[in-house]
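Open your viewer, keep the selection tool handy, and follow along stop by stop.

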Amino acid sequence: MSSVTIAVQRLSKTFGQTRVLENVGFDIHAGEMVALIGPSGSGKSTLLRHLVGLTTANRKADSHIRVMGRDIQRSGRLLRGSRTQRCRCGYIFQQFNLVGRLSVLTNVLVGRLGSMPRWRALLGRFSDEERAQARQALARVGLAELAEQRANTLSGGQMQRVAIARVLMQDADIILADEPIASLDPRSAREVMDILQRINREDGRTVLVSLHQVDYARRYCPRAIALKQGRLYYDGRTEGLTEARLQALYENAGFDES
Ligand code: ADP
Ligand code: MG
């Protein structure tokens, strides 16, 4: 039996009058690869942001989030140590969030900043060993030969692979990816998902990835958690998401895509 690495209980969140998450709860075990699905606006990004303490739950709700054995937040309060904990969760964004004018290698090295003593991070100096590690991380995502290029010369798929190398440099045990393939062509999307799958299987890192397209969830993630209008709609084996269930998930969902 593997251990619970992300535990979410009674998570509720409102922004002003808008109810965004309502009594959401689930456990994720170390080493799982889980898809987070649901229509646009169903609360996926908000949920992921709670897991790293970028957002706090409602005060009145008795919400509780525990990550790698540490309490991140409880009843709307961030708890001590949640900043250090954040360093052990790698975050991957739809828009990559690289520094375009810096080299690919430097962008990967940035992954190490969070765990450095602050004075060294401010100086931005990296050791030869760290540089070698960053090159290894780039090799793992298949971009070793682009290390010296400026990040803004890369394609979207390559940028997302650099973002994954940055998370590897961070040595994160948990990888949270918020629609990492939403702006990629199908081939790049597959490459990115293949890499996430490999670091899940080979390193045993836990991956929670929100996905717009259910077919990628089916292909890569044994388990799916679905949100509908901020509520937990489904949590189970991805293959259990029948057409009827999916239709109900996406109907009346306020799909704002054109
Ligand atoms: P998803 O990622 O599934 O598309 P989000 O978590 O981004 O959904 O958003 C869920 C709902 O919360 C949306 O209705 C969105 O407008 C609202 N929302 C998200 N962040 C904020 C915010 N900072 N202030 C107000 N409303 C927000
Ligand atoms: Mg989102």
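**The core**

Start by selecting Val108, Val162, Ala165 and Leu176: of the 69 residues in the largest nonpolar core, these touch the most other members. Helix α6 (residues 156–169) supplies the largest share of this core, eight residues. A nonpolar core here is a set of buried Ala, Val, Leu, Ile, Met, Phe, Trp, Tyr and Cys residues joined through C-beta atoms within 7 Å. A residue counts as buried if 20 or more other C-beta atoms lie within 10 Å of its own, as exposed if 12 or fewer do, and as partly exposed in between, with C-beta atoms placed from the backbone. Helices (H or I, at least four residues) and strands (E, at least two) are DSSP runs, numbered from the N terminus.

A word on the model before going on: it is predicted, so local features need pLDDT of at least 70 and side-chain atom pairs count only at pLDDT 80 or more, while totals for chains, interfaces and linings use all residues. Residues are numbered from 1 along each chain as its sequence is written, and chains are lettered from A and ligands numbered from 1 in the order in which they are written.

Now keep Val108 and show its contacts (C-beta atoms, placed from the backbone, within 7 Å). Leaving aside neighbours within four places in sequence, you will find Ala134, Ala137, Leu138, Val162, Ala165, Arg166 and Met169.

**Around ligand 1**

Next, select ligand 1. Which residues are around ligand 1? They are Phe15, Thr18, Val20, Gly38, Ser40, Gly41, Ser42, Gly43, Lys44, Ser45 and Thr46, where a residue is near a molecule if its C-beta atom, placed from the backbone, lies within 6 Å of it. Colour this shell by class and you get two nonpolar, eight polar and one charged residues. For the colouring, Ala, Val, Leu, Ile, Met, Phe, Trp, Tyr, Cys and Pro are nonpolar, Asp, Glu, Lys and Arg are charged, and the others, Gly among them, are polar.

Two elements give two or more residues to the shell, β2 (18–29) and α1 (44–51), and α1 gives the most, with three. Stay on α1: six of its eight residues are buried, so it is largely enclosed by the rest of the structure. Those buried residues are Lys44, Thr46, Leu47, Leu48, His50 and Leu51. Just after the helix, look for Gly53, with a positive phi of about 70°.

Move to α7 (residues 186–203). Its 18 residues reach 25 Å from first C-alpha to last, close to the 26 Å expected at 1.5 Å a residue; the expected span is 1.5 Å times one less than the number of residues. Select Ala189, Val192, Met193, Leu196, Ile199 and Asn200, which are buried. They cover an arc of only 120° around the axis, which puts them on the same side of α7; the arc is that of the directions from the helix axis to the C-beta atoms.

What do the buried residues of α7 pack against? Their partners are β3 (33–37), α6, β8 (174–178), β9 (206–210) and α8 (214–220). Gly204, which follows α7, has a positive phi near 70°.

**Loops to visit**

Select Val141 in the loop between α5 and α6. Is Val141 buried or exposed? Val141 is buried, because it has 24 C-beta neighbours inside 10 Å. Not counting residues up to four places away in sequence, Val141 touches Arg161, Ile164, Ala165 and Ile195.

Then go to the loop between β7 (89–92) and α3 (104–109), where Val99 lies. Val99 is exposed, with 12 other C-beta atoms within 10 Å. Beyond residues up to four places away in sequence, Val99 touches Asn107 and Ala151. Asn97 is in the loop between β7 and α3 too, and has a positive phi of about 55° although it is not a glycine.

For a last stop, select Met68, in the loop between β4 (64–67) and β5 (70–74). Met68 is a residue other than glycine with a positive phi, near 50°. Met68 is partly exposed, with 17 other C-beta atoms within 10 Å.

Definitions and conventions:
Two residues are in contact if their C-beta atoms, placed from the backbone, lie within 7 Å.
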